[in-house]
Each structure stands twice: as structure tokens, then as C-alpha cells.
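Please walk me through this model, from single residues up to a whole chain. Keep it brisk.

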Amino acid sequence: MRSIRAAAVGAVTMSLALAASACGGGSSTEGGSNDSPKTLTYWASNQGASVEIDKKVLQPELDKFKKQTGIEVKVEVVPWSDLLNRILTAATSGQGPDVLNIGNTWSASLQATGALLPWDAKNFEAIGGKDRFVDSALGSTGAEGKDPAAVPLYSMAYALYYNKKMFADAGIAQPPATWAEFVEDGKKLSKGGKWALGVEGANPSENIHHAVVFAKQHGGDFFTADGKPDFTNDGAVAGVKEFVDLMAKNKVIAPGNAEYAQNQSVSDFAKGKTAMLLWQSASANLKSQGMSEDSFGIAPVPVQSGTPGTGTGVNSMVMGINMAVFKNSDNLDGAKKFVKFMTSDAEQKILNTAYSSIPPVKDAQSDAAFNTAANGVLKNTLATSAVAAPQVADESQFETAVGTAIKGLFADAAAGRAVTTESVKAALEKAQAQMPAA
Amino acid sequence: MTSTVELPVNKGESGETAARGPRRRAAGRIRRVGLPYLLLLPALILELLVHLVPMVIGIVMSFKELTQFYIRDWGAAPWAGLDNFRVSVDFDAPVGEALLHSFFVTIAFTLLSVGLCWLIGTTAAICMQDTFRGRGLLRALFLVPYALPVYAAVITWVFMFQHDNGLVNHVLHDQLGLTDKPSFWLIGDNSFIALLVVSVWKGWPFAFLIVMAGLQNIPRELYEAAALDGAGMWQQIRRITLPSLSAVNQVLILVLFLWTFNDFNTPYVLFGKSAPEAADLISVHIYQASFVTWNFGTGSAMSVLLLLFLLLVTGVYLALTSRGRRASRA
């Protein structure tokens with residue numbers, strides 16, 4: 001009898017404990033506070049060749065920050081494939097990090113959740129003012145007319161990486177400046193099991209970066225001026241077709257690239273399997289894969305004709321990483337101090353050198369370290385011929401819908417099925433119909 | 001801790017005690033009847049928290065216009081009435097059409113996968129019924145796919161299915177010359193076959209395990225008697241083994257059906273968040289609607305529709321199988 005009583009008491013106690021613990025979770029500090037002034041949690045995006053390399057780059061800087069302010073930063077490097085979902089979960093539960101990195105193309109989408117601290121004049125003042133940042137980088141921090149949802153941290157641009165030896169072997173003196181030259185050179189390079197270009201055909205995000213640029217070069221945009229999806233205009237269709245045709249019609253991309261989604265194209269380039277790569281800030285990654293710095297060159301991404309510039313001379317999106325503060329942070333002042341530290345001139349030089357990116361902070365950008373021939377191409381692209389990703393709340397959906405459509409078109413090309421203007425238009429039409437605002 | 005539970009005490013035959021006797025007996029009866037429920041309470045509360053509350057929240061979300069604009073405070077999202085359901089079942093419009101396509105892909109995939117898992121598992125279990133040298137080792141080997149972590153197992157298949165360096169193309173094309181050129185398995189139409197292969201590979205050991213357990217309960221005398229009567233192996237399987245496994249198979253097939261229909265890990269690890277059309281299973285499709293396009297209301301409506309479908313299938317299946325059992329008893 002005693003054991004039955006004990007069991008009954010145990011059962012009731014456990015039930016009450018379960019109910020209490022269920023009710024106890026989820027409390028969050030709406031609007032942020034300074035309740036935990038001595039610690040910060042930081043989700044860093046995976047920038048280097050691996051999560052471990054990122055930790056090695058970041059930890060000494062975080063130790064420096066602790067020495068200066070007494071605030072300990074607990075860093076977690078989050079792989080790209082997980083980052084957006086992690087941020088989304090944090091936004092839903094209100095239980096996120098204090099500071100986080102976001103892909104700059106997501107700025108407007110994440111801004112719409114209301115989970116990120118708006119960077120109004122006062123907050124910008126706390127980190128030294130808005131004027132410290134390059135305009136093109138600020139253009140990718142949130143929707144127009146609203147306070148930015150994040151602060152630029154690393155800037156990147158697409159460039160054409162080319163293998164000098166393969167070019168010399170094929171008798172090509174200089175990298176192609178137009179797509180016509182590119183195809184001509186590409187045919188010379190695509191021989192004997194080697195190919196001219198590597199792409200990530202099954203990676204929706206990579207696909208849309210190129211699609212936006214190709215569309216711009218054909219005078220098209222994927223969104224109307226008032227932010228409505230417009231995926232089937234002539235410029236967008238022609239741009240996507242020209243990109244996929246590099247595999248389907250011109251045969252300068254190996255069909256196997258249609259299933260690449262894990263940066264295999266970077267490895268192929270590093271191993272000399274492909275002669276060219278359209279990538280952003282790849283130098284550090286290529287070096288870590290054993291490719292010596294003098295074996296590859298960096299040139300601007302080709303355009304239709306003439307030289308890169310505004311309008312149809314656009315040859316990159318403004319790529320990069322922004323730093324955001326979670327609105328619910330328990331250490332808002334500390335978070336702003338940390339953003340100020342990471343965007344300081346000194347840290348910008350250290351971090352952007354480590355990641356072979358370009359500082360979005362004007363004073364740091366003028367440092368000699370970023371004036372090499374390679375960095376000159378990226379800087380010039382950012383300054384003159386790069387456009388911001390569509391700054392609309394549905395940008396994240398656009399990446400998936402259009403990127404997946406292009407993935408399907410690459411699959412068709414790889415299987416030897418025709419890729420026509422009609423099939424491209426049909427794929428984009430379907431993508432547009434999947435958009436929530438459609 | 002002091003106990004509030006009173007134990008029956010014999011206090012003699014005084015009038016007061018006699019009057020309290022029936023009350024005490026009633027209290028004792030309540031305690032006896034209530035105790036099992038009390039002991040069940042932790043499980044009931046857990047069930048409530050882990051299953052029922054999220055399910056109710058999901059149903060409520062399906063009636064809301066829930067996008068990224070309201071994700072921080074989903075309670076404030078405007079009511080959408082039946083709009084999310086209308087969009088999901090409007091098969092002439094892209095969202096409904098894609099959902100219907102995904103549903104048919106999932107049905108075909110589930111039927112084939114469950115059928116093959118059951119067939120391979122049952123065959124293997126029957127072959128393992130008689131003792132022979134090395135049976136223990138083989139049994140253990142058969143269970144390896146079931147014991148491996150899903151992610152590790154499926155990612156290995158991803159490597160094997162790769163177009164340029166994968167083992168599958170190496171064997172089929174380079175070594176056996178069965179295909180004209182290396183095939184694509186992770187994109188295009190073949191992705192359905194790749195998905196099916198991985199699903200059956202990791203699913204059949206479960207069928208093997210369950211059928212093997214079921215076979216232990218069939219008396220050996222039945223087979224001996226049948227053999228004496230001249231029944232061959234196939235007749236023994238048809239007349240003794242399969243009917244005796246009927247109850248086990250009913251549960252096995254239902255469980256395999258539900259697991260396979262809802263399988264998320266296999267397609268997600270194989271193809272990522274945007275599966276090829278030919279292998280667009282409904283679980284990933286709903287995930288995409290909810291967490292990739294951030295249309296949580298529509299995603300929830302699709303989940304509710306899926307839940308209703310599975311409840312219907314399970315109900316019909318259980319009704320049919322229990323009728324079958326009653327008929328066989330009669």
C-alpha cells in the first residue's frame with residue numbers, strides 16, 4: 001500500500017513539474033534590455049573554408065573585445081544551409097542570439113519579421129555614424145524608406161576567376177570581357193575532360209545571383225518598381241536562358257554541374273578541372289584548397305558589350321554579410337558595442353583580410369591591403385557595376401522559387417532536353433505563381 | 001512529506017464507526033478506481049504537451065494569414081477563414097496543382113516502398129527461419145541499415161549517386177555497361193528511383209525484424225505435419241506462414257505506410273530543400289511551403305489536410321483488417 005501511495009504522489013508531483021516547466025518556457029524580454037551586461041551570444045555565418053577556420057579567425061578578436069569591454073562573446077559559427085532556418089526559429093520563439101550575421105540579400109525579408117533592431121540615426125551614432133559605410137553596401141540592409149535592419153560587415157562581389165596555365169595552354173592571352181568572347185574562349189577550353197566554367201546548378205541561391213545579373217544585362221528585373229514579382233518579362237527570360245545556355249547550347253559547363261550544390265565547382269577549379277569560376281571572394285578558399293595565388297587571375301565578370309558599369313553593364317550583385325542585433329537581446333548596449341568593435345577600422349582590416357572580402361567601411365577600404373590587383377577588381381565592381389539584391393520582403397521566397405526553376409532548367413540541359421525561350425518562360429511563370437504576393 | 005491517503009483502520013463496532021463504514025468503503029473504491037488514472041497523469045500531460053497542443057496550434061494556424069510579417073506574434077495574424085484550404089485544394093492553380101502532384105508522387109512512392117520493404121523483409125525472414133551456420137551474423141548484417149543514423153546513411157547514398165564520381169554510375173556504366181552514358185540520379189526523373197532505393201534499403205530491415213519476431217510464434221509442428229501431408233515449401237508459406245503472420249503484417253504495413261508517407265529525412269538529405277519534381281514528396285513540399293516560402297498558414301492547412309487523409313486511410317485500413325479478423329474467427 002505504501003508503495004502505491006508513493007507512486008501516486010510521485011505521479012502527481014511529476015505531472016505538476018511537467019505542467020510547470022511547460023508554462024515556464026518562452027518568456028522573453030520584448031524590446032530588449034541590459035539584464036545581462038557581461039555576456040553576448042553571437043551567431044557568425046560560415047565565411048571560411050570550414051567552421052573550424054572561422055573559429056580560429058574570430059576567437060582572437062573576441063578575446064580582444066573582452067579585454068576592452070569585459071563582455072564575453074560566446075560565438076557559434078552556423079553553416080549557411082542552417083542559418084536562415086535558425087534565424088527564423090529564433091524570431092518565432094524570441095529566443096535568439098544577441099548579435100548575428102545575415103546574408104545581405106535576406107535583409108528585407110528578415111526586416112519584415114520585426115525581430116531585428118532597426119538601425120535608426122541614434123543607433124548608427126552609437127557605432128560611429130552611417131557615413132562611415134560605403135553606399136552600395138548600405139543599399140543591401142533593408143527595404144527602401146525604412147531604417148536598415150542590419151549593418152554591413154563584409155562586402156563581396158562576383159568576379160571571374162581564371163586558371164592562368166589553362167588559358168596559356170589554350171592560347172588565350174587575356175580573360176574574356178564579353179559573353180561572346182567568353183563562349184569563344186570556353187569552347188577552346190572545354191576539351192579532354194576539362195571544362196571552361198564551373199557552376200552550382202542545384203543551388204537555388206547561387207542561381208539567382210547570376211540570374212539577377214544576366215537579367216540586368218538584358219534590361220530586365222525580377223520585381224517591378226513597387227516590389228511586385230515580374231519574373232517573365234523579356235529581359236528576365238533572356239537573362240536566365242543565356243545563363244543556362246552556357247551548359248545547354250554552348251556546352252562550356254560540364255553536365256555534372258547541374259547537380260552541384262555544395263561548392264564542388266570551387267573544388268573543381270582548385271583542382272584544375274575547370275578553367276573559370278564565377279565566384280565571390282574565393283581567394284582564401286582556393287588557397288586553402290592548395291591553389292597558389294599566382295596560378296589564378298581575377299577579372300571582372302563579362303558583360304554583353306563594352307565595359308562593366310551601370311545599367312546593362314551590371315556584372316555583379318552587391319554581395320556580403322551584414323551584422324544584425326536581435327531586438328530581444330538582454331544586452332542591447334553590449335550588442336551595439338560589439339557591432340561598433342567589429343565595424344571598427346582595425347577589425348575591418350583584420351577580418352576582411354582573413355576572408356578575402358572588401359571592407360564596407362570607407363576608411364578601412366582605403367587601406368593598402370585592399371588595393372591589390374585582385375581586390376581592385378572587387379572594389380571597382382562594388383563601386384561601379386554591382387546592384388543590390390531586390391530589397392523586398394519576399395526576397396527569400398524569390399531566391400527559392402526562381403533558383404529552383406533554374407535548377408530544373410539545368411537538369412533539363414544536363415539530360416539533353418531542349419532549353420527554349422518557351423520552356424524558360426514556363427519555368428519562371430510557375431515560379432512566380434508560387435510567390436505569396438502573386 | 002506527510003501522506004493524505006487514509007488507510008482503513010478497524011475501530012470496533014461503535015455506532016459512529018458503523019455510520020462511517022460505507023463512506024470509507026466508498027472512499028476506498030474511489031481511490032482504487034482513481035489510482036490508475038493518477039498514475040497515467042504524467043503520460044497524459046506529456047501527450048497533451050507534445051502532441052495535442054502543437055496539433056491544435058497547427059489547426060489554428062491553418063486558419064490564419066501567417067507570413068513572415070506575423071511570425072514573431074502569430075496570434076496577431078489576421079484570420080484567413082478557409083482561404084488557406086481553398087488555395088491548397090484549388091488544383092487548377094499552381095499551389096494546388098503542385099500539392100496534388102506531390103500527393104500522387106508520395107502515394108506511388110509509398111506503395112512501392114512499403115511493398116518492396118515488406119517483400120524483401122518477409123523473404124529474408126523466411127530464409128532465416130531455419131538454423132544454419134552464420135545465421136546470427138547475417139541477421140546482424142541485415143539490421144545494419146536500420147541501426148545506422150539516417151543522416152549518415154543517406155549522405156553516403158548521395159555520394160554514391162553522384163553523376164561524375166558516384167559508385168552507382170561507376171558500376172552501372174563503367175563496369176557493367178548497362179547504360180549508354182552516366183545517368184543523373186539526384187536531379188531529373190531518375191531521382192524517384194534514387195529515393196525509392198534509399199527508402200527500401202533503410203526500411204526493409206524493420207519489416208525483417210518484425211516478421212522474424214512473428215515467425216517465432218508459429219509452432220514447428222504445423223510445418224512438420226504439412227510436410228508429412230506432402231505440402232511443398234511454397235504451399236507451407238502460403239497456407240501456414242502468411243496466414244499466421246496476418247496480425248503481425250497488419251500492424252507492420254500500417255506502421256510502414258505511415259512512416260514512409262511522412263518520411264522527411266530521406267528526401268531532404270538526398271535533394272535538399274528543393275526536391276526535383278519527380279521526387280517531390282509531400283513532407284518536403286509542406287516544409288517548403290512553410291519554412292522556405294514562409295507561408296506558414298498555407299503550410300499548416302496542407303498539414304491538416306494530410307492529417308485528415310492519414311486518419312481516413314488508417315481508419316479504413318483498421319476497419320477492413322478487423323472485419324477480416326472477425327470473418328476468419330467466425
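Ser113(B) is buried, as its relative accessible area is 0%. Buried means under 20% relative accessible area, exposed means over 50%, and partly exposed is in between, with a 1.4 Å probe and protein chains only. Ser113(B) sits in helix α3 of chain B, residues 94-127. Helices (H or I, at least four residues) and strands (E, at least two) are DSSP runs, numbered from the N terminus. Leaving aside residues up to four places away in sequence, Ser113(B) touches Leu196(B), Ser199(B), Val200(B) and Thr260(B). A contact means heavy atoms within 4.5 Å.

This is a predicted model, in which local features need pLDDT of at least 70, side-chain atom pairs count only at pLDDT 80 or more, and totals for chains, interfaces and linings use all residues. Residues are numbered from 1 along each chain as its sequence is written, chains are lettered from A and ligands numbered from 1 in the order in which they are written, and side-chain values use heavy atoms, with hydrogens and water left out.

Helix α3 of chain B also holds Leu119(B). Is Leu119(B) buried or partly exposed? Leu119(B) is partly exposed, with a relative accessible area of 46%.

Now turn to chain A. Helix α17 of chain A covers residues 395-414. α17(A) is mostly covered, with 17 of its 20 residues buried. Just after α17(A) comes Gly416(A), with a positive phi of about 85 degrees.

Step back to the whole of chain A. It has 18 helices and eleven strands. Its 438 residues would give a compact globule a radius of gyration near 22 Å; chain A has 24 Å, which agrees. That radius is taken over C-alpha atoms, and the globule rule is 2.2 Å times the number of residues to the power 0.38. The C-alpha trace of chain A spans about 90 × 55 × 45 Å along its principal axes. Of the 438 residues of chain A, 57% count as buried. Among its contacts between residues at least 6 apart in sequence, 76% join residues at least 24 apart.

Conventions:
Expected span 1.5 Å × (residues − 1).
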